[in-house]
Amino acid sequence: SSISTMGSCISKDTRSSGRKSGDKGGENAANADNSYMETLNGFDRICIIDIGARGTGHQSAVIKLLDSLARIGWNKPVYLSYNAQKTKYFAPKFGKANELDEPLGSYELYNEEWEVDN
């Protein structure tokens, strides 16, 4: 799967095998996952805009949402737009922590489109 950003925009291609055997939830959860996918199948991408609000846990909620999309088997792009100041939070969540410590790498994270493979 991959993620790319433009300035403060991330696109995530969440390829996932869905629920693993042995996961809790059973048949009801699997049926719910199928129901969600039936609803989403008509879309070629999902766009999420994190406008932020101090102290609401919005960044963690966005990460949980992206994880949930992967869990139900969403395999199309997800575009995440957020305030560039939040790059220091989102970049490590997508495996880009090292780039934050490098002047050229961090510039690209804050100002250019980028991808992450998960």
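Residues are numbered from 1 along each chain as its sequence is written. Because the model is predicted, local features need pLDDT of at least 70 and side-chain atom pairs count only at pLDDT 80 or more, while totals for chains, interfaces and linings use all residues, and side-chain values use heavy atoms, with hydrogens and water left out.

The protein chain holds 5 helices and 4 strands, where helices (H or I, at least four residues) and strands (E, at least two) are DSSP runs numbered from the N terminus. Read from the N terminus, the order of elements is β-β-α-β-α-β-α-α-α. Of the 118 residues in the protein chain, 35% are buried; buried means under 20% relative accessible area, exposed over 50%, and partly exposed in between (1.4 Å probe, protein chains only). Among contacts (heavy atoms within 4.5 Å) with a separation of 6 or more, 69% join residues 24 or more positions apart.

Confidence is worth a look before turning to details. The average pLDDT of the protein chain is 73, and 69% of the residues score at least 70; pLDDT is the predictor's confidence in each residue, from 0 to 100. Over residues 1-23, pLDDT stays under 50, and the model has 89 contacts beyond four places in sequence for this stretch. Where pLDDT is low, the predicted coordinates should not be read in detail.

Helix 2 covers residues 58-71. The buried residues of helix 2 are His58, Gln59, Val62, Ile63, Leu66, Leu69 and Ala70. Seen down the axis, these buried residues fall within an arc of 145°, so they line one face of helix 2; the arc is that of the directions from the helix axis to the C-beta atoms. Just after helix 2, Gly73 adopts a positive phi of about 100°.

Side chains of opposite charge can pair when their charged atoms come close. With a salt bridge taken as a side-chain nitrogen of Lys or Arg within 4 Å of a carboxyl oxygen of Asp or Glu, the count is 2. One joins Asp44 and Arg45 at 3.3 Å, N to O; Asp44 is exposed at 51% relative accessible area, and Arg45 is partly exposed at 41%. The other joins Glu99 and Lys96 at 3.6 Å, N to O. Here Glu99 is partly exposed at 24%, whereas Lys96 counts as buried at 16%.

Notes
The expected span of a helix is 1.5 Å times one less than its number of residues.
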